[in-house]
Amino acid sequence: MQLEGKIALVTGAGKGIGRAIAIGMAEQGADVAILSRTRQDLEDVAKEIINLGRKAYIVTADVSKVSDIEEAVRDVQSQTNRIDILVNNAGMNIRTPAIDVTEEDWNKIMDTNLKSAFFLSREVARIMKEQNTGRIINISSVAGCVAIRTGVVYGAAKAGMIHMTKILAMEFAKYGINVNGIGPWYFKTPLTEKVLSNKEYLDEVISRTPMGRVGELKELVGPAVFLASDSSSYITGQTL
Ligand code: NAP
């Protein structure tokens, strides 16, 4: 469970789950490249990483654009010379009933959640292949395996991530790259703040949750560190 000497790239690291994972990986010894579109958020996270005695690399990019992804990965590699861990966490949702979904909604949700994870994996795998080692962790969702009220496009994008995890695991194993995922249930972050502040919605979520509560962000750090560490060296293609 140690990440000493490793370089991680975490997308969507300015807030919520990505922020928790980036800081959690730094706590275990990794230097972390933190990516999102909002520089101020990243500067705040960087301060926390630096306070832990680790290095933080700030990368502002829009992961829904392949040109931004290519530039961001080049930028990280030029500063760090390697990337050991990629966490594809950046994501968003527009909750719309299926009959009202527009092409613009479809493209935005798919591009931010699914297309980004593929092209980041492609770019970073080219570096990991040369290193003959690497870990890719895709943050999908329970919404990718169970029909819940998150909207059809988000569910389809997350289902795509879960299946992509299996296929990339198979293709990348020969390069020493393990590809796994975490599909969270409900955690309180800016993404879910609005729905979870609706008592009726929260009660329904909790009534379907064996533990009777939503998750705390620190509870996602252990799984992410495990999947990034040597402890999971014979695990690939899986989504927790
Ligand atoms: P969040 O609090 O809204 O944070 C999302 C992060 O992603 C932010 O830092 C945001 O920064 C970044 N981001 C969004 N669009 C981006 C883009 N186009 N380019 C670059 N960065 C972008 O969300 P969260 O709840 O932490 O969710 C993180 C991941 O977990 C998502 O993939 C989400 O689908 C998944 N998830 C969350 C839950 C939950 O209960 N919270 C459950 C299941 C799955 P900027 O806006 O500044 O770019």
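Trainee: Where do lysine 115 and aspartate 111 lie?
Mentor: Both sit in helix α4 (residues 103-131). They are four residues apart, about one turn of the helix. Helices (H or I, at least four residues) and strands (E, at least two) are DSSP runs, numbered from the N terminus.

Trainee: What kind of model is this?
Mentor: A predicted model: local features need pLDDT of at least 70, side-chain atom pairs count only at pLDDT 80 or more, and totals for chains, interfaces and linings use all residues. Residues are numbered from 1 along each chain as its sequence is written, and side-chain values use heavy atoms, with hydrogens and water left out.

Trainee: Back to that pair. In what do the side chains of lysine 115 and aspartate 111 meet?
Mentor: A salt bridge, 3.8 Å from N to O. That term means a side-chain nitrogen of Lys or Arg within 4 Å of a carboxyl oxygen of Asp or Glu.

Trainee: Why can such side chains pair?
Mentor: Side chains of opposite charge can do that when their charged atoms come close.

Trainee: How many salt bridges does a search of the whole structure find?
Mentor: It finds 15. One joins arginine 39 to glutamate 43, with the closest N and O atoms 3.1 Å apart. These two are four residues apart in helix α2 (residues 39-51), so about one helical turn separates them. Arginine 39 is partly exposed at 44%, and glutamate 43 is partly exposed at 30%.

Trainee: What about aspartate 203? Which residue is its partner?
Mentor: Lysine 199. The closest N and O atoms are 2.7 Å apart. Both belong to helix α7 (residues 199-207), four residues apart, about one helical turn. Lysine 199 counts as exposed at 59%, while aspartate 203 is partly exposed at 37%.

Trainee: Which residues are linked in a network of salt bridges?
Mentor: Glu70, Arg122, Glu123 and Arg126.

Trainee: New topic. What is the order of the strands in the sheet?
Mentor: β3-β2-β1-β4-β5-β6. It is an open sheet of six strands with parallel pairing. Two strands pair if DSSP finds at least two bridges between them. β3 (56-60) and β6 (177-182) are the edge strands, each pairing on one side only. From one strand to the next, the twist averages 15 degrees. Axes are lines fitted to C-alpha atoms, for helices over the stretch in contact, and angles run from 0 to 180 degrees between N-to-C directions.

Trainee: How many bridges join β5 to β6?
Mentor: Six. β5 covers residues 134-139, and the two strands run parallel. Isoleucine 137 stands opposite asparagine 180 in β6.

Trainee: And what does helix α3 touch on the sheet?
Mentor: Helix α3 (residues 66-80) touches β1 (7-11), β2 (31-36) and β3. Contact means heavy atoms within 4.5 Å. The direction of α3 makes about 160 degrees with that of β3. Helix α8 (residues 218-228) packs on the sheet too, touching β4 (85-88), β5 and β6. Its direction makes about 165 degrees with that of β6.

Trainee: Which residues of α8 are buried?
Mentor: Leu220, Val221, Ala224, Val225, Leu227 and Ala228. They cover an arc of only 160 degrees around the axis, so they lie on the same side of α8. The arc is that of the directions from the helix axis to the C-beta atoms. The buried residues of α8 pack against α1 (16-27), β4, β5 and β6.

Trainee: Which residues touch the most other members of the largest nonpolar core?
Mentor: Leu9, Val73 and Ile83, out of 36 residues. A nonpolar core is a set of buried Ala, Val, Leu, Ile, Met, Phe, Trp, Tyr and Cys residues joined through side-chain atoms within 4.5 Å. α4 gives the most to this core, with nine residues. A second, separate core has 30 residues, including Ala8, Ala46, Ile85 and Val87.

Trainee: Last one. Where does threonine 11 lie?
Mentor: In strand β1. Threonine 11 is buried, with a relative accessible area of 2%. Leucine 35 is 24 residues away from threonine 11 in sequence, with 4.7 Å between their C-alpha atoms.

Methods. Buried means under 20% relative accessible area, exposed over 50%, partly exposed in between (1.4 Å probe, protein chains only).
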